[in-house]
Structure formats: C-alpha cells, structure tokens
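Work through the exercises below with the sequence and the model open. Each task is followed by a solution in steps.

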Amino acid sequence: RIGNLLVVTVATKETDGFRRFMRSARHFNYTIKVLGRGEPWKGGDYMTEPGGGQKVRLLKAGLQEIEEDKVVLFIDSYDVVFASGPKELLKKFQQTRHKVVFSAETLIWPDRHLEDKHPHFREGKRFLGSGGFIGYVPNLKEMVADWTGEDSDSDQLFFTKIYINPEKRKSINITLDNRCRMFHNLHGSLDEVVLKFEDGQVRARNVLYDTLPVVIHGNGPTKINYLSNYIPTVWTFETGCSVCLEDLRPLSGLKVGCLDYPLVVIGIFIQQPTPFVSVFFETLLKLEYPKNRLKLFIYNQEQHHEVAVSSFLKDHGEEYQDVKVIGPEENMDRVASRNLGLDMCRQDKDCEYFFSMDIEVVLKNKDTLKILIEQNEPIIAPMITREGRLWTNFWGALSADGYYARSEDYVDIVQGRRVGVWNVPYLTKVYLVKASLLHEELSNNDLFSSGTLDLDMAFCHNARNKVSLTPFASISQGVFMYVTNMHTFGRMLSTENYQMSHLHNDLWQIFENPKDWEERYIHENYTKIMRDKLIETPCPDVYWFPLFSDIGCDHIVQEMENFGQWSGGRNTDTRIQGGYENVPTIDIHMTQINYEKEWQKLLLDYIAPITETMYPGYYTKFDLAFVVRYKPDEQPFLRPHHDASTFTINIALNQKVLDYQGGGCRFIRYNCSVEAPRKGWALMHPGRLTHYHEGLRTTAGTRYIAVSFVDP
C-alpha cells in the first residue's frame with residue numbers, strides 16, 4: 001500500500017537542491033521524514049551535504065522509530081528529484097522479489113579493487129550506488145546494525161562490502177536495480193538519459209534499457225542540473241516555467257536611493273585589450289540601481305585602458321558608496337584579483353551580493369541587476385550571447401572530463417524557444433553571487449584555482465563539486481548556479497583581432513563587433529531613413545540623410561589628425577593611379593590609415609541600401625575615399641569641378657558655427673547650395689556630367705568632410 005511507503009533522507013541544511021527535491025516530492029504526495037536537521041558537521045568544516053557515515057548513523061537511529069511494516073526509501077536529497085509517484089515505485093520494488101534494492105552504477109566507487117567481487121548480471125549495471133535504496137524496515141535494520149564508523153567514513157564503501165559478501169547479501173536479500181527501473185544515477189551514464197515530455201509532465205527515459213526510472217540522482221560531479229530544469233513539472237511545453245516566479249525577492253516597492261536596497265559590490269575585470277571600454281562604463285552608469293548602494297571593485301590589467309578607467313572615476317567615482325581600483329602597476333594576477341573582489345564583499349558586513357562583470361559584457365537591459373536580485377537564487381547570470389552565434393555565457397552540460405558539452409536543450413534556450421531560469425553547471429563573464437554563500441559554502445579564500453582549470457571553470461567547479469576529506473569520503477558544496485533568459489539582457493564582445501595601433505581602435509571593429517560598432521558610430525536615426533522618409537532632397541537629384549553619430553565623426557577627424565600626413569593640395573599625387581589629380585584637396589586617404597576595408601564595409605552595409613533605392617540599377621563599388629580638410633589659411637574652398645565618379649558620398653564630419661564658418665557645397669547647374677551641412681549627414685549626388693559643383697569658402701575654423709567616389 002502507498003501508505004506503507006516512507007521516504008527518509010538526511011538534510012543538515014536547507015539548500016536549493018533540497019528545495020527542488022521537496023518540491024518534486026510534494027508534487028507526487030510522498031511522505032517525507034528528514035533526519036539530521038541542524039546537526040553540525042563533526043569535523044568542523046562547513047558543509048551542505050552530510051557525510052556518508054553521518055547518513056548511516058542517522059538512518060540507523062531513525063529506523064528505531066519507524067514501524068516494522070513500513071517500506072523505507074532512503075535517498076540523498078541535495079541532488080535528487082522524483083519523476084513519478086509512490087504507486088509506481090512500490091510496484092517496481094515488489095516486482096524485484098527482494099527485500100532491499102539499491103540503485104546501480106556504471107562506475108565503481110570508492111574502491112576499484114573490489115570490482116571483481118561484484119556479482120555479474122546478464123544485462124545492466126554491476127556496481128552498487130548508496131545514494132538511493134529501498135527496503136523493508138527489518139531488513140534495513142539488519143543491514144545497518146554493524147555500523148560503528150565515523151561520520152566522515154564512506155557509506156558507499158560500507159554498503160558495498162555488505163553487498164559483495166554473499167552470505168550477507170543473501171541474508172538481507174539485497175539486489176541492484178541494474179536496469180534503472182526505479183533509480184537512475186547519472187554519473188557515468190548521463191548519455192543514457194533523454195527527456196520524455198508527456199501530458200504536462202516530464203520523465204527521464206533510459207534509452208539503453210528503455211526504462212522510466214522514478215528517482216533521478218545527479219551523483220558525483222554530474223549533479224542534476226539540466227534534468228531538474230524539467231522533471232517532473234518544472235518546465236513543460238504546456239506551462240513553460242512553473243517555478244520561475246516562486247520565492248522572489250521583490251524590489252519594486254522600494255524608493256530610489258532607499259537604504260533598503262541590498263548593498264552590492266560590483267566587480268569589474270579588465271584582463272585583456274577590449275573594444276568599447278568607454279561604452280561599458282557608460283552602460284554601467286545607466287544601471288537602474290541606487291549608486292549609494294553600490295561599491296565598485298575595478299581590476300584593470302591593461303595600460304591601454306587606464307584613460308577610460310580614470311576618466312570614468314574622475315567624472316562619476318564619487319557617485320558610488322566606495323571604489324577600489326587595482327591597476328596595471330600593481331601587477332596582480334587574474335586569480336588573485338577575482339578572489340580579492342569577492343573578499344571586498346565577504347569582509348563587508350553590509351554587502352549582500354557580489355556582481356561580477358567582465359569588461360567585454362554589454363548589458364543593454366538597465367534593470368539587469370534588479371532582475372537578478374529579485375530572482376533570489378544563490379548564483380545567477382543573465383544570459384548574454386555573442387552576436388549572430390550560439391556562443392553564450394553558460395554551458396548546458398559537462399563532458400565526462402568536466403569540460404563543455406551541449407545539452408539537448410541548449411539551442412532552444414539560447415534562441416528563446418524555451419524561456420525560464422535554468423540550473424546549469426557553468427557560468428562566465430557576468431553573474432550575481434549571494435554574499436551569504438561567501439560566508440558559508442564558499443568561504444574558501446581561493447575559489448578561482450583548481451588544478452589546470454581556468455579561473456571561471458575553477459570557480460564553478462569549486463561551487464558545485466565535492467571537496468575531498470579522506471580517500472573514501474567527501475562532502476559537497478551543493479551550490480546550484482542558474483542562468484535566466486526570461487528577459488533580453490545583452491551580449492558579449494569579441495576580443496579577437498583587437499588591434500591597439502590606432503588612436504580610436506574601436507573604429508576598426510566593424511567586422512568583429514558589427515552591432516556594437518553600429519551603436520557607437522552610426523546615427524541614431526539611420527534605421528528610420530526609409531520608414532520615416534528622412535531622406536531629404538535639398539537640390540535636384542541630391543539626397544541628404546543621417547549616417548554617422550557625433551562620436552563617429554569626431555573619431556574619424558581625430559584619427560586623421562593623429563595620423564597627420566595631410567597632402568599638400570598639389571596636382572601631383574603618387575597615391576592615385578596615374579599620379580595626377582585634376583582638382584587637388586588637402587586630404588588623407590582611407591588607405592593611408594589602413595581603413596579601406598572597413599570603409600568598404602560601411603559603404604556596402606549602410607550606403608548601398610540607400611543608393612539602390614535612390615539610383616535603381618546601380619551598385620556600390622568602392623573607388624576612392626578620403627577625408628578633406630578646409631581652413632581659411634590652407635585650402636578654404638574647392639573650385640568648380642566634376643567628380644570622377646558615377647555618384648559621390650559627401651559626409652559632414654563637424655558642425656557649422658560651432659567648428660567653422662562658411663563652407664558648403666554649390667551645384668552650379670541648378671544654382672542650388674547646401675550651406676549648412678548637418679554633422680554626420682551624408683550628401684549623395686551624381687558625379688560626372690550633371691552635377692558640376694564647388695566647395696564654398698570656409699571663412700573661419702576648420703571644416704572636415706569624408707568623400708567617397710562610387711562607380712558602377
């Protein structure tokens with residue numbers, strides 16, 4: 001009878017994994033008895049999962065209080081979920097015709113020397129797993145009667161020695177669930193399991209034995225990350241995420257600047273040459289969170305980025321409660337910097353969260369920090385992606401050797417077909433950590449070192465994995481990590497091929513980081529050109545439209561002035577084919593600063609769509625591009641001429657009145673002038689034959705224009 005089944009587990013502390021276990025148990029109406037509540041770890045080390053010997057001791061004592069006619073399911077709880085109910089479990093147990101049934105494993109642990117002593121099966125797994133077993137109370141009492149070990153001893157070794165002893169195995173009537181009908185231990189056999197969605201519920205199907213186990217145990221380094229995101233009803237196609245709005249920490253009712261906002265230390269890590277660093281700090285300023293409740297820890301390893309860091313702190317540093325900076329001159333290594341950042345939060349009694357951000361993170365959602373805090377998870381990351389790729393800041397699964405493996409749901413999560421808060425084994429680039437973890441489970445002062453693993457892998461490994469106590473015993477930190485894709489948060493930059501040989505190196509990022517390049521350098525109204533009919537016609541067949549942002553114009557001008565090799569404005573010009581220029585200007589060609597490929601990309605992506613609309617039948621082919629400088633005492637104007645092009649792009653790079661007086665372009669045939677070019681706007685006009693034109697006199701200041709000749 002279902003009423004005869006009692007689930008017994010040991011839990012010294014309520015962790016996220018334990019809550020997931022209890023949620024699945026309540027869903028199926030299991031009766032649960034929890035042993036060891038609040039009992040400390042005898043060795044003095046902090047732990048979240050009881051030691052193996054401790055579990056046996058507590059079970060031995062607990063069995064004395066349980067009726068003899070009960071069937072007891074004894075399982076771990078920190079990395080276990082139920083996939084089905086007690087009726088199915090009892091039926092499968094009775095079908096074994098044994099009094100005690102242990103879960104089975106593919107791998108032997110902890111003593112491989114005992115392998116040959118395990119009984120053989122015609123089919124199935126040979127080795128005992130102590131994380132789950134079921135049996136009648138009298139038989140279980142007999143099994144644990146001889147336990148006299150220490151709390152730190154291995155329960156698995158104890159039960160294995162009983163199982164491989166033929167007399168004890170027969171006396172107690174023990175067998176293994178070798179085909180995973182009741183239990184499935186994931187370590188060493190994760191590839192055997194797939195999700196099975198059925199009628200608003202999710203099961204784990206063992207494809208090797210074609211069974212549907214009732215208890216899913218993420219033992220060893222495997223844990224239960226990805227399967228527990230679904231089983232039994234956490235996420236289904238019918239309901240989506242059923243638990244994502246549970247146990248939240250709402251911030252919406254707090255007033256801006258209120259001291260009730262949690263104090264957060266934001267760790268910013270600049271570890272390599274990275275584009276758009278100044279944009280990162282601009283984004284940081286826009287975070288919707290009271291700055292008087294933020295402290296900054298900034299680690300900068302790159303001398304190249306000192307200007308951006310110093311400028312930000314000079315202008316805004318005093319807005320934050322506190323700022324600590326580790327610069328390149330301190331020569332601190334990356335691991336030490338990460339640990340020091342956590343320590344800044346750990347040692348501050350008021351700090352509630354540590355928010356880690358690598359400099360290549362582009363957060364577009366101003367509410368990111370509040371969203372993560374409200375989600376109320378121990379460690380949680382906003383999902384960010386590499387533009388146009390499946391590259392993200394999380395892994396859905398781990399391979400057998402602890403490295404990347406793609407879970408079956410990874411692509412659906414990344415592409416937004418499945419939305420929720422996902423338990424994952426690895427996070428990087430940006431994540432939020434509860435400070436309570438830093439005082440308890442993650443109190444170790446060196447969380448970013450672990451053998452040969454890189455620092456992010458080491459941190460995740462140390463958070464989720466077991467810590468060895470003896471050759472045959474270990475404890476688990478049991479810290480679950482999550483990534484949420486319930487909102488759109490942003491992306492991460494590519495730092496590959498980032499060159500630092502120019503004044504404004506970000507200008508060259510149009511290939512590596514096109515989206516970020518566009519947001520930085522293309523006019524905010526460019527995308528509205530066609531939709532809102534922003535193309536103006538100041539003169540016949542002359543089209544005028546926004547192209548560059550102010551900062552895009554400024555960077556081009558500054559880059560040219562930094563290069564400094566302006567032409568002399570003479571007819572002889574070795575830079576062009578034939579070496580002779582009919583209408584010379586004071587200019588610098590894009591080829592001279594190695595920007596011709598980037599300019600061609602600009603033409604194809606942003607100019608070609610306009611030209612193909614305005615001049616049907618023509619395509620945009622790069623011919624010549626250069627920046628012209630007009631000054632009253634140098635070259636104030638340009639005489640009437642035809643351009644050597646089918647059509648010409650003429651972009652104003654600075655602002656009339658503010659930067660210069662006079663200037664403009666006059667189309668002589670039509671007696672039509674554009675005398676107040678708008679900064680960042682492009683004039684597009686035919687070159688040969690029809691649009692004979694001149695550059696009007698600049699009477700004061702300096703005027704800059706970027707010119708492109710385009711031929712079909």
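This is a predicted model: local features need pLDDT of at least 70, side-chain atom pairs count only at pLDDT 80 or more; totals for chains, interfaces and linings use all residues.

**Exercise 1. The setting of strand β1**

Task: Determine how many residues of strand β1 (residues 5-10) are buried, and which residues lie on each of its sides.

Solution. 
Step 1. The cut-off for buried is under 20% relative accessible area. By this criterion 6 of the 6 residues of β1 are buried, so the strand is largely enclosed by the rest of the structure.
Step 2. In a regular strand, side chains alternate between the two faces of the sheet. In β1, one side carries Leu-5, Val-7 and Thr-9, and the other carries Leu-6, Val-8 and Val-10. Residues on both sides are buried, and both faces are therefore covered.

**Exercise 2. The partners of β1**

Task: Which strands pair with β1, and in what sense?

Solution. 
Step 1. Strand β3 (residues 71-75) pairs with β1 in the parallel sense, over 4 bridges. Within this pairing, Phe-74 of β3 is the bridge partner of Val-8.
Step 2. Strand β2 (residues 32-35) also runs parallel to β1, joined to it by 4 bridges. Here Leu-35 of β2 stands opposite Val-10.

**Exercise 3. Asp-587**

Task: Is Asp-587 buried or exposed, and what does its side chain contact?

Solution. 
Step 1. Locate the residue: Asp-587 belongs to strand β33 (residues 587-589).
Step 2. Its relative accessibility is 5%, so Asp-587 counts as buried.
Step 3. A polar contact of 2.5 Å links the side chain of Asp-587 to the side chain of Thr-585.
Step 4. Set aside the neighbours within four places in sequence. Asp-587 is then in contact with Gln-565, Trp-566, Ser-567, Arg-575, Phe-626, Val-627 and Val-628.

**Exercise 4. Asp-454**

Task: Place Asp-454 in the chain, classify its accessibility, and find which backbone nitrogens its side chain reaches.

Solution. 
Step 1. Asp-454 sits in the loop between α13 (435-439) and α14 (455-464).
Step 2. The side chain of Asp-454 reaches the backbone nitrogen of Asp-456 at 3.2 Å. A polar atom of that side chain also lies 2.8 Å from the backbone nitrogen of Met-457.
Step 3. For a separation across the chain, take Glu-360: from C-alpha to C-alpha, Asp-454 is 17 Å from Glu-360 in space, and the two are 94 residues apart in sequence.

Conventions: Residues are numbered from 1 along each chain as its sequence is written. Side-chain values use heavy atoms; hydrogens and water are left out. Buried means under 20% relative accessible area, exposed over 50%, partly exposed in between (1.4 Å probe, protein chains only). Helices (H or I, at least four residues) and strands (E, at least two) are DSSP runs, numbered from the N terminus. Two strands pair if DSSP finds at least two bridges between them. A polar contact is a pair of N or O atoms within 3.5 Å; within protein, one must be able to donate a hydrogen and the other to accept it, and residues adjacent in sequence count only if both atoms are side-chain atoms. Contact means heavy atoms within 4.5 Å.
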